[in-house]
Amino acid sequence: MSRIIGIVSGKGGVGKTVTTANLGAAMSRYFDKRVIAVDTNLTTPHLGIQLGMYPFDVSLNDVLKSSKTIEEALYEHNSSGMKAVLSSLILGDIAGVRVDTIRKNIEELTEYADIILLDSAPGLGKEGLITLKSCNELIIIVNPNIPSVTDAFKLIKLAKQMGKNIIGIVVNRVGESKYELKPKEIEKIAQIPVIATIPEDKNVPKSIAKKSPVVLMNNNSPASKGFLTLCEEILGEGYYPPKQDIFSRLLEFFRNGFWKFRR
Ligand SMILES: Nc1ncnc2c1ncn2[C@@H]1O[C@H](COP(=O)(O)OP(=O)(O)OP(=O)(O)O)[C@@H](O)[C@H]1O
Ligand SMILES: [Mg+2]
């Protein structure tokens, strides 16, 4: 039975899509899991853009209009091996979509995956609720500031009322501002454990510009290390290639030459 994990947030723009793309790619490439990422952000979908998977023929919108099956909307991400079901970028394609069929459709994917990740729309509106209703487990993404954590608190309350299993909070973009909440302060407000912190890392916008998850572009970057540790936390296992200590990195540096580190 596959795990259906919603990647959600109270506030928008905190890093849900970046997290989904990187967890999906890392779990597939380094943890050898069968992963399907589903873009459940129907109005402002970005997962396909971040994975470099546009254009494609069959979207989640087609599936939710019953004109295609979810199997027909399943595409492989070449560089990681993960699969993805993506939403349409065309505004008019939202017309006629029946969101009440989404859970049933996602359940059909369980035979093809160990892990299904749902990249949510933000907030507690109708669209954010699609993911809450469709998943069994949740990861809450926050930035280390009061508005983001306050909005997450509301979401957590609702998720608890719905009986969802909350895996924990991921604090993304740590180190961006001088006035940040510390993980302990976030745990105190949200009443949920912080399971990972992902640093602010210029490699992330660079990887988005290159349309490839940062864990594939540079698995030693600060954010990549955070995402790989988060995978370990979620899956309860280590990964290949194993984390490099400073001595093996130095050894690799002298073996491979400086230029490889500059890519
Ligand atoms: N760890 C990070 N370091 C640096 N920049 C980051 C990091 N995480 C996210 N970003 C930046 O934040 C932007 C928004 O991230 P993302 O699209 O994942 O947010 P989101 O929560 O999915 O947004 P939405 O609510 O609109 O769906 C990215 O385009 C990227 O530039
Ligand atoms: Mg997003």
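This is a dialogue on how to read some features of a predicted model.

Biologist: Start with the sheet. How many strands form the open sheet, and in what order?

Modeller: Eight strands form it, in the order S3-S4-S2-S5-S1-S6-S7-S8, and the pairing is mixed. The edges are strand S3 (74–76) and strand S8 (194–199), each of which pairs on one side only. On average, neighbouring strands of this sheet are turned by 25° against each other, direction ignored.

Biologist: What joins strand S2 to strand S5, and which way do they run?

Modeller: Strand S2 (residues 35–39) and strand S5 (residues 115–119) run parallel and are joined by five bridges. As one example, Val35 has Ile115 as its bridge partner in S5. Another pair to look at is S6 and S7, which run parallel and are joined by six bridges. There, Glu137 has Asn165 as its bridge partner in S7.

Biologist: How should I think about the side chains along a strand?

Modeller: The general idea is that in a regular strand the side chains alternate between the two faces of the sheet. For the case here, take burial in S7. Seven of the ten residues of S7 are buried, so this strand is largely enclosed by the rest of the structure.

Biologist: Which strands does helix H10 lie across?

Modeller: Helix H10 (residues 222–235) lies across S1, S5, S6, strand S7 (165–174) and S8. Its direction runs at about 165° to S8.

Biologist: And helix H5: which of its residues are buried?

Modeller: Glu127, Gly128, Ile130, Thr131, Leu132 and Ser134 are buried in H5. These buried residues pack against S1, helix H4 (102–108), S5, S6 and H6.

Biologist: Where does Val214 lie, and what is it in contact with?

Modeller: Val214 lies in helix H9 (residues 214–217). Val214 counts as buried because its relative accessibility is 0%. Apart from neighbours within four places in sequence, the contacts of Val214 are Asn22, Asn203, Val204, Ser207, Asn219, Ser221, Ala223, Ser224 and Phe227.

Biologist: Now the surface. Which residues make the nonpolar surface patch?

Modeller: Ile246, Phe247, Leu250 and Phe254 make a nonpolar surface patch of about 500 Å². Ile246 lies in helix H11 (residues 246–256). At 52% relative accessibility Ile246 counts as exposed, because the cut-off for exposed is over 50%.

Biologist: Next, charges. What is the general idea behind a salt bridge?

Modeller: Side chains of opposite charge can pair when their charged atoms come close. The cut-off used here is 4 Å from nitrogen to oxygen. By this rule the count comes to nine salt bridges.

Biologist: How far apart are the closest N and O atoms of Asp100 and Arg98?

Modeller: They are 2.7 Å apart, and Asp100 forms a salt bridge with Arg98. Asp100 is exposed, with a relative accessible area of 56%. Arg98, at 46% relative accessibility, counts as partly exposed.

Biologist: What is the N to O distance in the salt bridge of Glu76 and Lys83?

Modeller: The side chains of Glu76 and Lys83 meet at 3.9 Å, N to O. Glu76 has a relative accessible area of 45%, so it is partly exposed. Lys83 is partly exposed too, with a relative accessible area of 31%.

How values were computed:
Residues numbered from 1 in each chain as written. Chains lettered and ligands numbered in written order. Predicted model: local features only at pLDDT ≥ 70, side-chain atom pairs only at ≥ 80, totals over all residues. Heavy atoms only, no water. Patch = residues over 30% accessible without salt bridge, like charges linked within 9 Å, V, L, I, M, F, W, Y side chains within 5 Å. Areas by Shrake-Rupley, 256 points an atom, 1.4 Å probe, with all protein chains shown as cover. Helix = DSSP H or I, 4+ residues; strand = E, 2+ residues; numbered from the N terminus. Buried < 20%, exposed > 50% of the residue type's maximum accessible area, 1.4 Å probe, protein only. Pairing = 2+ DSSP bridges. Axes fitted to C-alpha atoms, helices over the stretch in contact; angles between N-to-C directions. Contact = heavy atoms within 4.5 Å.
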